Amino acid sequence: MKGIGIIGCGKIAQVRHIPEYAANPNARIVGFFDMNRQRAAELARQYDARSYDTLEQLLADPEIDAVSVCVANHAHAQVSIDAMRAGKDVLCEKPMATTIEECEEMVRVADECGRKLMIGQNQRLAKAHVVARRLLEQGWIGRVLTFRTCFGHSGPETWSVDPGKNLWFFQKDKAAMGVMADLGIHKTDLIQHLLGQNVVSVRSLITTLDKTDHEGNPISVDDNAICIYTMENGVAGTMTASWTYYGQEDNSTILYGTKGIMRIYDTGHSIEIHSSDGEHTMMDVEQIQTNDNQTKSGIIDMFIDSLESGPETPISGRDVLAAMRAVFAAIMSSEQSRAIDIPENRRWRPSL
């Protein structure tokens with residue numbers, strides 16, 4: 001059984017990490033740390049665990065084998081690095097970090113310390129995405145030509161553990177990025193995972209259209225991101241992330257192939273395939289997880305299994321670097337009003 005420390009006790013920890021660790025027979029929550037000591041103490045009482053006055057105290061506890069890093073974006077890298085250097089394996093929430101240099105340093109320290117560094121890109125594990133990837137590999141819609149992937153909802157201000165407009169998600173010094181870090185990284189990582197291809201070029205518009213802070217001023221981070229991605233093999237499509245979908249949440253992906261169209265979480269069915277020969281296939285795997293309907297993510301169970309099973313790390317920091325490069329390239333593209341190439345993401349070159 002692995003002893004677990006929870007670093008950061010906000011909403012994502014409370015609705016996903018903590019209950020999923022508590023439900024896993026191979027995990028035991030040992031302790032909690034949060035800048036809000038009362039919050040950590042209340043959770044410690046609820047789960048028969050400890051709370052710590054400092055992060056250093058938690059990392060020094062020999063009963064803790066691994067930690068979940070659920071702090072604000074700007075602290076992901078340093079907290080993860082400190083944890084790995086203290087001998088703990090790490091499950092870090094997305095986005096991995098706020099600069100590519102931080103991301104690369106996290107990977108370097110994981111290798112140096114021989115620790116696991118897993119990133120919480122849970123969209124890969126949604127059941128319809130697992131099935132869709134297999135169907136794509138089997139050629140159900142032929143060769144994919146284009147795609148459209150989207151993640152939008154009304155924003156974090158009603159979902160956060162401290163609801164309202166005075167939250168860290170809207171503060172550039174703590175979040176660094178807005179919707180691109182919150183939702184865009186999910187769909188960027190997902191489209192690469194579904195297609196087995198990295199993003200190698202991006203053109204984007206990343207902007208603030210509507211969100212305001214508690215004083216009525218536009219927030220200092222983005223609330224909408226619209227990106228055109230080109231993949232290694234030339235496939236191109238759009239990725240849209242938004243905090244201004246003031247209605248039903250949209251977490252859909254549509255893939256257009258030479259033999260048909262695949263819709264994932266886009267209709268009343270988990271997957272719909274419309275083939276070029278007129279055949280219509282519907283699959284009801286499960287409904288997508290939403291802010292209002294939290295279901296088991298699979299990330300925590302996968303992390304615990306990896307701690308028990310051996311050296312391989314699923315959804316590792318190294319594996320997520322390509323998606324993070326695409327996110328940072330998208331931000332640069334919007335700032336400079338031009339397409340940005342990502343040569344580091346190109347693993348092969350087509351023959352001439």
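About 40 Å³ of space lies in the largest cavity of this structure. That is where I want to start. A caution before going on: this is a predicted model.

A search of the whole structure finds one cavity of 30 Å³ or more. What lines the largest cavity? The lining residues are Arg 16, His 17, Leu 91, Cys 92, Glu 93, Gly 120, Asn 122 and Ile 299. Two elements each supply at least two residues of that lining: helix 1, residues 11-23, and strand 5.

Strand 5 takes us to helix 4. Strand 5 covers residues 89-92, and the buried residues of helix 4 pack against it. Is helix 4 enclosed or open? Helix 4 spans residues 76-85, and seven of its ten residues are buried, so it is largely enclosed by the rest of the structure. The buried ones are His 76, Ala 77, Val 79, Ser 80, Ile 81, Ala 83 and Met 84. An α-helix has 3.6 residues a turn, so residues three or four places apart point the same way. Back to the packing partners. Besides strand 5, the buried residues of helix 4 pack against strand 1 (2-7), helix 3 (55-60), strand 4 (66-69), helix 5 (100-113) and strand 6 (117-119). Just after helix 4 comes Gly 87, with a positive phi of about 90 degrees.

Look at Ser 316. Ser 316 sits in the loop between helix 9, residues 299-309, and helix 10. Is Ser 316 buried or exposed? Ser 316 has a relative accessible area of 16%, and the cut-off for buried is under 20%, so Ser 316 counts as buried. Leaving aside residues up to four places away in sequence, Ser 316 touches Leu 117, Met 118 and Ile 119.

Next, Arg 318, which lies in helix 10. Which residues does Arg 318 touch, not counting those up to four places away in sequence? Val 107 and Asp 111. The side chains of Arg 318 and Asp 111 are joined by a polar contact of 2.3 Å. Then take Glu 104. Arg 318 and Glu 104 are 214 residues apart in sequence, yet their C-alpha atoms are 7.8 Å apart in space.

On to the sheet. How many strands form it? Nine, in the order 14-13-12-11-7-10-9-8-15. The sheet is open and the pairing is mixed. Strand 14 (280-283) and strand 15 (340-341) are the edge strands, each pairing on one side only.

Take strand 7, residues 144-152. Strand 7 pairs with strand 11, residues 253-257, in the antiparallel sense over five bridges. Within that pair, Arg 148 has Ile 254 of strand 11 as its bridge partner.

Two helices pack on the sheet. Helix 8, residues 179-195, touches strand 7, strand 8 (199-207), strand 9 (224-231), strand 10 (236-242), strand 11 and strand 12 (260-264). The direction of helix 8 makes about 20 degrees with that of strand 9. Helix 10, residues 317-336, touches strand 8, strand 9 and strand 15. The direction of helix 10 makes about 55 degrees with that of strand 8.

Last, strand 8 and its partners. Strands 8 and 9 run antiparallel, joined by eight bridges. Arg 203 has Ile 228 of strand 9 as its bridge partner. Strand 8 also pairs with strand 15, antiparallel, over two bridges. There, Val 202 stands opposite Ile 340.

Terms used: Residues numbered from 1 in each chain as written. Predicted model: local features only at pLDDT ≥ 70, side-chain atom pairs only at ≥ 80, totals over all residues. Heavy atoms only, no water. Pairing = 2+ DSSP bridges. Helix = DSSP H or I, 4+ residues; strand = E, 2+ residues; numbered from the N terminus. Contact = heavy atoms within 4.5 Å. Axes fitted to C-alpha atoms, helices over the stretch in contact; angles between N-to-C directions. Buried < 20%, exposed > 50% of the residue type's maximum accessible area, 1.4 Å probe, protein only. Polar contact = N/O pair within 3.5 Å; in protein donor to acceptor, adjacent residues only side chain to side chain. 1 Å grid on protein atoms, 1.4 Å probe; cavity = no way out; pocket = protein on both sides within 12 Å on 5 of 7 lines; lining within 4 Å. Points joined across faces, edges and corners; volume = space filled by probe spheres on them.
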